[in-house]
Amino acid sequence: MNLGGAAGERLLSRIVSLCLLGVLWHVASVVTHSRTLPGPVAVAARLQEEIASGAMAHHLGITLFRVACAFLLSLVGGSILGIALGRWGRLDAVFDSWLIGFVNLPALVIIVLAYIWLGMTESAAIIAVALNKLPSTAILLREGTRALDPQLNLMARAFRFGPWTSFRHVALPQLTPYLLGASRSGLALIWKVVLVAEILGRSDGVGFQIEVCFQLFDVAGILAYTIAFALVVLGLEWLLLQPFERRINRWRLAS
Amino acid sequence: MSLLRVDLSGYAIPSPASAGAMQPLLGPIAFDLAPGEVVALFGPSGCGKTTLLKLIDGLIPGAGIAWPKGKPRTAWVFQEPSLLPWRSVADNIALALPQGGDRAIIPALLESLGLGGWGGSFPNRLSLGMARRAAVARALAASPEFLLLDEPLASLDASSAEALRQVLQKRHLPTLLVSHDPADVAALADRVLVLGGSPTVIRDTIVVDPTQRHRAAQLLIG
């Protein structure tokens with residue numbers, strides 16, 4: 001792998017920073033010498049144990065599936081709603097107060113109500129998590145739609161671009177920063193809310209495992225699952241979101 | 001038979017900036033445009049020249065516009081180049097090609113406008129003059145039968161303006177041109193409609209002698 005000077009330096013900084021965190025953690029666990037703060041070596045051993053038994057792959061896999069479904073639902077639904085609200089003022093006047101209400105609703109309330117109304121099912125968990133993120137995605141995309149450049153819109157109309165061409169080549173690139181923002185914050189929020197939904201009403205997944213570890217006062221288990229999940233999210237950020245962002249922003253770098 | 005007939009008598013065209021205002025922006029403006037003719041609308045900023053262009057092309061709703069031979073395929077050059085910054089220059093032009101249009105014409109088109117080799121660049125690499133020329137290339141790529149030019153030479157340096165002028169003069173497409181610069185208007189137009197007043201009306205019409213364009217410019221300055 002050929003890393004440029006700046007990229008290589010950035011990677012090195014990240015590795016050094018993570019190592020420093022590991023050292024601090026180790027020192028803290030040695031100093032406190034408590035069951036409530038196992039050191040990185042103990043947690044790594046526990047992580048290895050869970051991976052070897054296949055439990056980690058199973059629980060992590062099902063949680064990631066829920067995250068992906070809820071993320072897609074909230075992103076697609078929130079984007080459509082946000083664009084519609086940004087485009088049509090009358091619609092926005094009707095639904096604006098709904099949006100403010102939903103965006104301020106605690107995640108726990110939505111999850112509990114979804115389980116009561118839809119049953120303790122997989123779809124109830126996914127819908128509840130998606131509903132938690134959907135209003136904020138809609139708000140972001142509504143602002144993005146309001147900020148669309150009217151001159152480019154006029155150009156598209158003057159050159160008789162069809163609706164799809166206009167959306168794909170004129171509107172979507174302008175909405176991309178908002179979509180990326182919604183994706184970033186969406187991923188961060190959704191994976192936290194998924195864990196709550198799993199604790200409350202599922203019998204598998206990382207949230208469920210953390211709940212079991214909590215019952216057994218197994219802090220190493222809690223940290224092992226948390227670290228595994230955090231690593232997956234970091235991987236998604238570094239391997240998927242950031243390269244995608246660089247690719248679509250290459251025109252900005254060209255100046 | 002004229003190509004375009006404009007007659008706003010009896011229609012109130014409100015200002016887009018003050019929708020609902022009682023005072024109309026455009027008064028009873030009426031003129032014809034013959035095939036192959038370049039007509040300039042000359043008047044101060046804010047008098048409704050661009051609004052009139054949009055009205056003529058159907059970009060804003062209104063009445064009083066007739067195309068006796070049927071609506072031709074139009075293309076615009078805006079005051080702002082209005083290129084999509086996230087698409088290369090060639091891609092911007094390709095988007096304006098008519099259905100089934102051949103992308104292969106783009107390099108020659110760019111070459112003719114002094115932009116050879118710039119097709120793969122993003123618009124933020126171009127100077128304003130180059131971007132304006134790219135916008136002209138986009139308009140020409142649309143195979144227009146009628147051109148609408150909104151201050152196409154505004155804030156360009158002398159050599160860029162001259163290059164653009166030559167390209168537009170060479171094509172001599174039926175054109176409606178908007179400008180508040182007497183030199184631009186005199187250089188490009190066959191006939192100049194001088195707009196003014198409130199609501200805006202045609203105050204004077206100047207037919208430009210192609211051999212004595214400087215005289216038309218002097219008249220407009222006067």
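1. A salt bridge is taken here as a side-chain nitrogen of Lys or Arg within 4 Å of a carboxyl oxygen of Asp or Glu. The model is predicted, and over all its chains it holds 19 salt bridges.

2. In chain A, Arg66(A) pairs with Glu198(A), and the closest N and O atoms are 2.7 Å apart. This pair links distant parts of the chain: Arg66(A) lies in helix α3 (residues 55-87) of chain A and Glu198(A) in helix α8 (residues 163-201) of chain A, 132 residues apart. Arg66(A) has a relative accessible area of 2% and is therefore buried. Glu198(A), at 1% relative accessibility, likewise counts as buried.

3. In chain B, Asp57(B) forms a salt bridge with Lys71(B), with 2.9 Å between the closest N and O atoms. The two residues are 14 residues apart and link distant parts of the chain, Asp57(B) being in helix α1 (residues 49-57) of chain B and Lys71(B) in the loop between β6 (65-66) and β7 (74-77) of chain B. Asp57(B) is buried, because its relative accessible area is 1%, whereas Lys71(B) is partly exposed at 41%.

4. A further salt bridge of chain B joins the side chains of Asp91(B) and Arg103(B), at 2.8 Å from N to O. Asp91(B) belongs to helix α2 (residues 89-96) of chain B, and Arg103(B) to the loop between α2 and α3 (105-112) of chain B; the pair is 12 residues apart and links distant parts of the chain. Asp91(B) is partly exposed, with a relative accessible area of 25%. Arg103(B) also counts as partly exposed, at 43% relative accessibility.

5. Salt bridges that share partners join Arg66(A), Glu122(A), Glu198(A), Arg202(A) and Asp204(A) into one network. The pair described in point 2, Arg66(A) and Glu198(A), is part of this network.

6. About 80 Å³ of space lies in the largest cavity. Its lining consists of Val38(B), Leu147(B), Leu149(B), Leu168(B), Gln169(B), His172(B), Leu173(B), Thr175(B) and Leu188(B).

7. Which elements of chain B each supply at least two residues of the lining of the largest cavity? They are β8 (146-150) and α5 (158-171) of chain B. By residue class, the lining divides into six nonpolar, three polar and no charged residues.

Definitions and conventions. Residues numbered from 1 in each chain as written. Chains lettered and ligands numbered in written order. Predicted model: local features only at pLDDT ≥ 70, side-chain atom pairs only at ≥ 80, totals over all residues. Heavy atoms only, no water. 1 Å grid on protein atoms, 1.4 Å probe; cavity = no way out; pocket = protein on both sides within 12 Å on 5 of 7 lines; lining within 4 Å. Points joined across faces, edges and corners; volume = space filled by probe spheres on them. Helix = DSSP H or I, 4+ residues; strand = E, 2+ residues; numbered from the N terminus. Nonpolar A, V, L, I, M, F, W, Y, C, P; charged D, E, K, R; others polar. Buried < 20%, exposed > 50% of the residue type's maximum accessible area, 1.4 Å probe, protein only.
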